[in-house]
Amino acid sequence: FCLHFVLLLCCAHAARAADEPAYCRPEVFLAQEVTPEKGKADLLPNRLRAFRLGKTLLVGASVFMSDAMGELAKANSTAGPDDGFCPWYLNKGRPYSQMDFNWRYVENPKRMSAHSAKDWMEELSSSFGTDPVSFVSCAERYGYIAGGCNSQSHRGPTLFGMILAYSGCSPENAAQITNSLWGLNSVSEEVRLAIIRAAYELGAAEPAYRKRLAAAFGAATAATSPQSHPESQ
């Protein structure tokens, strides 16, 4: 029975991976890393990683330095205050980030169990496609999505994997990409994967939004030539 269950899981993973966009393969995705334009403060946020997927710049970074994240958004997109400049902030304690960006507070995943993944989705599900300001709308209107938490160690990296999974990347590949960029930092691998898988399932339930986000990410047209890595790394 155990062997049969393992085989079923492997087959399901293989089926998801076969259907996912080309940019979801870790080696292809990581080759899209770029150094974004700096803002007026001539600073880049801590733990910044940025990737050019099709017409969209996808950014994960610490939002501890609110000014740096805001200037980064202004330098790399035309999003304005009505769209929260298109970063999402998942922690609390940074008043300017809470006011200026799209603020959604979620529990630190290092204190969660895999069964609590639904708590994140209750807070974040509408941010993917159905809200007036969403990851889909920011990608389509401005070619820019950013997200993070105070340290970009727990919540922020998990969100990054969720966005990839919602767009059609297998949860396993989305988690592998995320963990390779920022590490687990005491977040259980099982918990992070469960949260990312919940986003994948939401994307499957919202196929029109998934298709639109994948198209904004370049879908099957992702480039494969390496780009320069951020100077901050």
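**Helix H8 and the chain around it**

Modeller: The protein chain averages a pLDDT of 90, with 86% of the residues scoring at least 70; pLDDT is the predictor's confidence in each residue, from 0 to 100. This is a predicted model, so local features need pLDDT of at least 70 and side-chain atom pairs count only at pLDDT 80 or more, while totals for chains, interfaces and linings use all residues. Residues are numbered from 1 along each chain as its sequence is written, and side-chain values use heavy atoms, leaving out hydrogens and water.

Colleague: On to H8: how far does it reach from its first C-alpha to its last?

Modeller: Helices are DSSP runs (H or I, at least four residues), numbered from the N terminus. H8 covers residues 171-182, twelve residues. The expected span is 1.5 Å times one less than the number of residues. That gives 16 Å here, and H8 comes close to it, reaching 16 Å.

Colleague: How many of its residues are buried?

Modeller: Buried means under 20% relative accessible area (1.4 Å probe, protein chains only). Pro 171, Ile 177 and Trp 182 are among the buried ones. H8 is mostly covered, and of its twelve residues the buried ones number ten.

Colleague: Which residue just after H8 takes a positive phi?

Modeller: The phi there is about 80 degrees. The residue is Gly 183.

Technical notes
Helices (H or I, at least four residues) and strands (E, at least two) are DSSP runs, numbered from the N terminus. Buried means under 20% relative accessible area, exposed over 50%, partly exposed in between (1.4 Å probe, protein chains only).
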